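Let's take a friendly walk through this model together.

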Amino acid sequence: MTTVQPRALMSGRYQRAFTIAVVFLVAGWHLAGAGGQLLHNRPDYTSFAFQCAMWLVMALAITAGSVLVLRGTPGWLPAWSVAVVALAASTAAAAASPAGQMLAVNWSWGSAGWTGVLVLLRRRFTELAWFLAAEALAVLGVQVWDGLHRTDLAGFLAVLAWSTGAQAAVAAGVRALDVAAGQAAGAARSENAARERAATAEVIRAARHARWLALQESAVPLVAELAAGTADPGDAQVRIRCAVQAARLRRLLAEGDEVPGSLMHELHASADVAERRGVAVEIETAGSLPQVPGPARRVITDAAIAILTAARSQARITMAAVASGIAVSFVADTGAVVPLPAAGEGVAIEQQQDGGILWAEARWNSR
Amino acid sequence: MEQPVTVAIIEDHPVVTEGVASWIRSDPGDRVRLVQTARDLTGLHAGPAPPADVVILDLELSGELVTTQIPDLVAAGYRVVAFSGHSDPAIVMETLDNGAHAYVSKDEGRDHLVEAVLAAAADRPYVTRSQARAILADQRPARPALSEQERQALLLWFQGMSKASVGRRMSISENTVRQYISRARAKYAATGRTAPSKDALLARAIEDGVIKPGEIMPYQSFARTQPIAPAWVPRAGE
């Protein structure tokens, strides 16, 4: 039998893989892209030490953000704390760059944008939009503070459009993959469930078929005798045979939707024996029954056999789910008190005699 | 002598109709009079006026379950006793929820059908063993809260004891056993969808002293009986 992968677990695995991919993308960008630009333009900065400090702050923000997203979707406060630190560091680094050369020497905007994507990826899309808008405003603010160099401004607008577009696209792509992973996991789950249902149905079908074949040997000859007139319906023996076959047919029809369970099958087997003796046996269940361990089952079926052997013409067996266990009861026309086997293995047996009718209950407690 | 209760049978197998008719005829007090038989619901509506007091309804007509038609029958003023080969607890529950007075499985017909019809005509509860089974198996969140005594009486009745034996077992009178079982049934009339038949059953139960108005709760309050398991797990960082 296959084990069903819980849907959340399966789609969770895909989501984690996408998250890891984004972590690598952001870390790679900051180390290689931003770090490379920082070292390359080392002589041009007013204070290289300050730029390095901001680069480190950004690296810390990315590390914190990565830890957050690898532990699940971050909450509002931690996600935005990281985003705001990244934005503040990039704005400070840009403001400290020499005016008029920002396009060439600024390393920080890209890293800040990707950090925002990293922590806001699985939060509402509008949050990421707000962050990217705030970053665009910060870029513009620094430009205005620097005195609006026309060439710089044009270049920055182009870079901004490109990078914001790329960041939004990555975020949208991951979301689409999340949805697809969820659907794939859902489909896999329903396929597994269908397969298990089919397997169970096959077991039940086979069991019913076997019983149907058994009926061919017992009910069909009786019907044939009745039709041929060799069996007389006025004869008490024939009437009992008819009652027994009718009970077995009824049970066959009623068993259609039962899940096979060991105790149920063992009680059926005991009932079969009694039926051959001419006792009409009914078996009914109420509620979803717990699995009963082997030793306790033996105590219950021993009681069943004792009672069914003593039954004269009819018996009813019921199995009911009760608080923390199962109550198996027997009502049969035994005529007199039946000595029952000893209780034990967590099974308590009680009985009551009313005239010729015996009631007995074997109650198994899981605790 | 009281007027006999009039009954209509809706059943698509003539042999079953014939069997039910013979149970009605063999009632020693002639308390029930069969006034109409039909093979489907359209046949019933085409029948004579005034309509029968009680309809014995086979739940499967021409291969289709007709439990969803019960509210219409009830709205038309019939009291419905379902008579079916389906003893699946979910179907029994749906039948009662839709406003049927009682449910009798085909195995129980001989012993219980006429009595169930008479009880339905008087708007009194009638609980067969298959109905007790469905109540015991009920796990729906909106099920009514049953007392320990009601549950035990239902269990012993389902197991196959006579009501007198149930009384001996529980050290109470047979009458009290009937009261417990009827009260459990009446609680079900107070839950689920509304139907005039359920109101009538409940009103009669209050009148008969089976249940007090204060004991009728629309549904079980889980907060009172068991703690609610957390349905969500807080996410990291939240």
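This is a predicted model: local features need pLDDT of at least 70, side-chain atom pairs count only at pLDDT 80 or more; totals for chains, interfaces and linings use all residues.

Two strands are said to pair if DSSP finds at least two bridges between them. Strands of a sheet pair through backbone hydrogen bonds, either parallel or antiparallel.

Chain B contains an open sheet of five strands in the order 2-1-3-6-7, with parallel pairing. Which strands stand at the edges? They are strand 2 (32-38) and strand 7 (102-105) of chain B, and each has a single partner strand, so one side of each is left without a neighbour in the sheet. Neighbouring strands of this sheet are turned against each other by 25 degrees on average, with direction ignored.

Strand 1 of chain B (residues 5-10) and strand 3 of chain B (residues 54-58) pair in the parallel sense over four bridges. To find your place in this pairing, look for Val7(B), which stands opposite Val54(B) in strand 3 of chain B. Lying across strand 1, strand 2 and strand 3 of chain B is helix 1 of chain B (residues 14-25), which runs at about 170 degrees to strand 2 of chain B.

Two other helices of chain B deserve a look. Helix 4 of chain B (residues 89-97) packs against helix 6 of chain B (residues 129-137) at an angle of about 100 degrees, and their axes are 9 Å apart. Because angles of 65 to 115 degrees count as roughly perpendicular, that is the description for helix 4 of chain B relative to helix 6 of chain B. From helix 4 of chain B come Pro89(B), Val92(B) and Met93(B), and they meet Ser130(B), Gln131(B), Arg133(B), Ala134(B) and Ala137(B) in helix 6 of chain B.

Stepping back, chain B as a whole has eleven helices and seven strands. Of its 238 residues, 44% are buried. Among contacts in chain B between residues at least 6 apart in sequence, 65% join residues at least 24 apart.

Next, turn to where the chains meet. Here 21 residues of chain A are in contact with 17 residues of chain B. On the chain A side, strand 1, strand 2, strand 3 (325-332) and strand 4 (347-354) each supply at least two residues. The chain A residues that touch chain B divide into eight nonpolar, seven polar and six charged.

Strand 1 of chain A pairs with strand 2 of chain A (residues 314-322) in the parallel sense over seven bridges, and Ala280(A) stands opposite Gln314(A) in strand 2 of chain A. How does the chain cross from strand 1 to strand 2 of chain A, and what is the hand of the crossover? The chain passes through helix 10 of chain A (residues 294-310), and this β-α-β crossover is left-handed.

Finally, stop at Met58(A), placed in helix 2 of chain A (residues 48-70). Is Met58(A) buried or exposed? A residue is buried if 20 or more other C-beta atoms lie within 10 Å of its own, and Met58(A) has 26 such neighbours, so it counts as buried. Leaving aside residues up to four places away in sequence, Met58(A) touches several residues, including His30(A), Ala86(A), Ser108(A) and Thr115(A). Met58(A) and Val85(A) are 27 residues apart in sequence, while their C-alpha atoms are 7.6 Å apart in space.

Methods
Residues are numbered from 1 along each chain as its sequence is written. Chains are lettered from A and ligands numbered from 1 in the order in which they are written. A crossover is right-handed if, with the strands pointing away from the viewer, the path from the first strand over the helix to the second runs clockwise. Axes are lines fitted to C-alpha atoms, for helices over the stretch in contact, and angles run from 0 to 180 degrees between N-to-C directions. Angles under 35 degrees count as roughly parallel, over 145 as roughly antiparallel, 65 to 115 as roughly perpendicular and the rest as oblique. Two residues are in contact if their C-beta atoms, placed from the backbone, lie within 7 Å. Ala, Val, Leu, Ile, Met, Phe, Trp, Tyr, Cys and Pro count as nonpolar, Asp, Glu, Lys and Arg as charged, and the others, Gly among them, as polar. A residue is buried if 20 or more other C-beta atoms lie within 10 Å of its own, exposed if 12 or fewer, and partly exposed in between; C-beta atoms are placed from the backbone.
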